[in-house]
Amino acid sequence: MPSAKSSGKGKIGGKVKNEDTKSTSRSTRAGLQFPVSRIHRMLRRANVSKRIGSGAPVYLAAVLEYLSAEILELAGNAARDNKKRRINPRHLQLAIRNDEELSKLLGDVIISEGGVVPYINPALLPAKSKKQSLDSQEV
């Protein structure tokens, strides 16, 4: 007959969890918001490799969280510049395309309803005459 501490499966003894202590998630242990266990499960199911180390999903979750925070911060700034409180696809597009590194990373990505970044070739702008440019410098 199994003892009170044993669950009835396998060996008797081993590490016994206290009823007072709660289990902490790997995300909490790593200090992340992104789900480490879910990323680990997805890596296993995606057949990335036969074996996946315990540090790989933590690292990947940290990278994804950092990229998300970076994009959301820039998109929030773009929304504030347009006097809006909500981030919409246009703000995401402006944030990504105005940042050199994010634009390189997401260069082939098409954001639905994102529009285009405004750009006018300087050759198409009206040329300033010398008199106009001198007047503007005096002020």
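Student: Buried means under 20% relative accessible area, exposed over 50% and partly exposed in between, with a 1.4 Å probe and protein chains only. What percentage of the 139 residues in the protein chain is buried?

Tutor: Buried residues account for 15% of them. This is a predicted model, in which local features need pLDDT of at least 70 and side-chain atom pairs count only at pLDDT 80 or more, while totals for chains, interfaces and linings use all residues. Residues are numbered from 1 along each chain as its sequence is written, and side-chain values use heavy atoms, without hydrogens or water.

Student: How many helices and strands are there?

Tutor: The protein chain has 6 helices and 0 strands, counted as DSSP runs (helices H or I, at least four residues; strands E, at least two) and numbered from the N terminus. Along the sequence that reads α-α-α-α-α-α.

Student: Which residues make up the largest nonpolar core?

Tutor: L32, V36, I39, L43 and A61, 5 residues. Such a core is a set of buried Ala, Val, Leu, Ile, Met, Phe, Trp, Tyr and Cys residues joined through side-chain atoms within 4.5 Å.

Student: Which helix gives the largest share of this core?

Tutor: Helix α2, residues 36–45, with 3 residues.

Student: And what does A61 touch?

Tutor: Beyond its neighbours within four places in sequence, A61 has contacts (heavy atoms within 4.5 Å) with L32, F34, V36 and I39.

Student: Back to α2. Which of its residues are buried?

Tutor: V36, I39, H40 and L43. They lie on the same side of α2, because they cover an arc of only 100° around the axis, taken from the directions from the helix axis to the C-beta atoms.

Student: What do the buried residues of α2 pack against?

Tutor: Against α1 (26–30) and α3. After α2 comes N47, with a positive phi near 55°.

Student: Other topic: where is R80, and is R80 buried or exposed?

Tutor: R80 sits in helix α3, residues 56–81. R80 counts as exposed because its relative accessibility is 57%. From R80 to H91 the C-alpha to C-alpha distance is 9.4 Å, for 11 residues of sequence separation.

Student: What about I120: where is it, and is it buried or exposed?

Tutor: I120 is in the loop between α5 (100–105) and α6 (130–138). At 55% relative accessibility, I120 counts as exposed.

Student: How much of the contact list joins residues at least 24 apart?

Tutor: 36% of the contacts in the protein chain between residues at least 6 apart in sequence.
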